[in-house]
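Subject: Structure handover

Hi,

Here is the structure I promised to pass on. Please open it next to this email and follow along.

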Amino acid sequence: MNTQFKKGVLELVVMEVVSRHDIYGYELVKQVCEVVHVNEGTIYPLLKRMTNEEYFETYLKESSEGPSRKYYRITVKGLEQLIELKKEWLEFSYSVNQFFKEGIKDE
Amino acid sequence: MNKETFIANLRSKLNTLDAKEVDDMMAEYSEYIDDKINDGATEEEAIEGFGNIDDLAYEIIDAYKVDKEETVQTPKKETSSQSNIAPKQSSSNVIDMLIEFIQKCFDYIGNFYHDYLSHLTTGEIIKLLIIFILAITLIRIPLALIQFFIIFIIDFVTLGTIQGLVEFIVGIIFNIVYLISIVVISISFYKGLRDKGDVDFSTLFKSPFKYFSGKKDENDQSTNDTIDMVNDTINTTVTTASKAIEDIIAKAKERTANKAEKGE
């Protein structure tokens with residue numbers, strides 16, 4: 001898939017995944033990659049940035065096996081941003097899809 | 001590549017970032033690799049998932065830049081809100097502004113030196129100063145003569161208290177004219193330095209001379225000849241003078257060096 005498409009939508013997908021339930025890095029990357037096939041390395045810088053923008057907060061939680069893990073949780077600010085982004089995405093994808101449908105009708 | 005070399009490699013590429021932040025990030029990457037291995041991948045595969053290490057480092061630094069701007073903005077917001085709560089701090093704000101202004105001035109002087117003067121030798125800078133002082137002094141002489149002449153006439157025409165007042169006003173006017181001419185000279189110096197970067201009477205003054213003598217005379221050979229002549233005379237005088245000063249400085253340096261040697 002086009003990398004420009006991916007970049008735009010990646011933030012939205014990451015937020016959506018974190019908003020469903022608190023999650024640690026590896027699990028998050030796995031879930032995001034099922035939707036958008038990106039390089040695993042690109043998600044961490046994004047997580048870092050969004051944490052610094054206060055969309056996410058992190059905490060450590062003991063795991064059943066091995067050392068404690070860093071979990072991500074969405075903040076109120078993050079939720080607000082997610083709702084806004086989702087709305088934008090739906091409107092945007094709808095209008096693009098409509099535009100393509102018109103093209104098919106014309107032919 | 002194994003996990004340790006990957007982490008070390010990545011860390012070395014992030015040395016411009018805050019060490020604590022990098023530690024934090026590296027811990028997370030290593031946790032991720034461990035998780036992936038637990039999930040059945042080999043160490044090699046887990047690391048390959050990150051792709052090119054240079055691209056990764058670039059993206060991390062890129063992401064970090066955004067939050068650096070954020071952290072720069074947040075303290076500013078705090079100070080502004082503090083000053084809203086406590087108006088007493090406004091005086092310190094004025095001082096801050098003043099300090100900032102002075103710093104800007106120093107920055108400007110530093111930049112000016114770096115851009116226009118740093119390629120010049122000490123001799124050339126001395127020459128520049130001499131030309132500047134010479135220009136300022138020379139321009140004072142005709143002004144003083146005219147002022148003297150006008151006051152001389154006023155002495156004849158007026159009497160008593162009016163005389164003093166008129167002389168006072170004439171004095172102020174002439175000082176203003178002098179100040180304006182100093183500003184004009186400074187600007188022409190600035191322009192001459194900016195355009196040519198050479199310490200030469202002609203390059204420092206030719207453009208304002210041309211400007212003042214009118215654009216119609218641009219091809220007037222006699223004006224250029226006069227300028228060249230004046231330039232030559234001043235150049236030789238100033239060069240000798242600056243050389244003499246340079247010699248004095250060199251000798252002084254030698255003396256201090258000698259004294260230091262003797263002291264040891």
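Start with Glu53(A). Its relative accessible area is 14%, so Glu53(A) counts as buried. Keep in mind that this is a predicted model.

**Charged pairs in chain A**

What does the side chain of Glu53(A) meet in a salt bridge? The partner is Arg49(A), at 3.5 Å from N to O. Arg49(A) is buried as well, with a relative accessible area of 18%.

Now look at Glu57(A). Glu57(A) forms a salt bridge with Arg73(A), and their closest N and O atoms are 2.8 Å apart. Glu57(A) lies in strand E2 of chain A, while Arg73(A) lies in strand E3, residues 69–74. The two are 16 residues apart in sequence, so the pair ties together separate parts of the chain. Here the ends are partly exposed: Glu57(A) has 34% relative accessibility, and Arg73(A) has 32%.

Why can such pairs form at all? Side chains of opposite charge can pair when their charged atoms come close. Over all chains, the count comes to 16 salt bridges.

Move to Glu54(A). Where is this residue found? Glu54(A) sits in the loop between helix H3 (40–52) and strand E2 (56–61) of chain A. Its phi is positive, about 65°, although Glu54(A) is not a glycine. Most residues other than glycine have a negative phi. Glu54(A) is exposed, with a relative accessible area of 51%.

**Where the chains meet**

Next, turn to the interface. In it, 21 residues of chain B are in contact with 19 residues of chain A. The size of an interface is often given as the accessible area lost when the parts come together. Between chain B and chain A, the buried area is about 1,900 Å². Carbon and sulfur atoms give 52% of that area.

How many salt bridges are counted between chain B and chain A? The count is six. One joins the side chains of Lys70(A) and Asp24(B), at 3.2 Å from N to O. Another is formed by Glu28(B) with Lys70(A), where the closest N and O atoms are 3.2 Å apart. Glu28(B) lies in helix H2 of chain B and Lys70(A) in strand E3 of chain A, so this pair joins two chains. Are Glu28(B) and Lys70(A) buried or exposed? Both are buried.

Polar contacts cross the interface too. The rule finds ten residue pairs, with both residues at pLDDT 80 or more. On the chain B side, helix H2 (19–38) and helix H4 (53–85) each supply at least two residues that touch chain A. H2(B) gives the largest share of that side, nine residues. By class, the side has nine nonpolar, two polar and ten charged residues.

Helix H2 of chain B also holds Ser30(B). Ser30(B) counts as buried, at 18% relative accessibility. Beyond its neighbours within four places in sequence, Ser30(B) is in contact with Lys3(B) and Ile7(B).

**The cores**

The largest nonpolar core has 47 residues. Those with the most contacts inside it come from both chains: Val14(A), Leu28(A), Ile43(A), Phe56(A), Phe6(B), Leu10(B) and Tyr29(B). Helix H1 of chain A, residues 3–20, gives the largest share of this core, eight residues.

Which residues is Leu28(A) in contact with, leaving aside its neighbours within four places in sequence? They are Val14(A), Val17(A), Val18(A), Ile23(A), Ile43(A) and Leu47(A).

Another core, of eleven residues, lies apart from the largest one. Among its members are Leu128(B), Ile185(B), Leu193(B) and Ile234(B).

**Chain B as a whole**

Finally, step back to chain B. Its secondary structure comes to nine helices and zero strands. Buried residues make up 27% of its 264 residues. Take the contacts in chain B with a separation of 6 or more: residues 24 or more positions apart account for 63% of them.

Best wishes

How values were computed:
Residues numbered from 1 in each chain as written. Chains lettered and ligands numbered in written order. Predicted model: local features only at pLDDT ≥ 70, side-chain atom pairs only at ≥ 80, totals over all residues. Heavy atoms only, no water. Contact = heavy atoms within 4.5 Å. Buried area = accessible area lost by both parts, 1.4 Å probe. Salt bridge = Lys/Arg side-chain N within 4 Å of Asp/Glu carboxyl O. Polar contact = N/O pair within 3.5 Å; in protein donor to acceptor, adjacent residues only side chain to side chain. Helix = DSSP H or I, 4+ residues; strand = E, 2+ residues; numbered from the N terminus. Nonpolar A, V, L, I, M, F, W, Y, C, P; charged D, E, K, R; others polar. Core = buried A, V, L, I, M, F, W, Y, C linked by side-chain atoms within 4.5 Å. Buried < 20%, exposed > 50% of the residue type's maximum accessible area, 1.4 Å probe, protein only.
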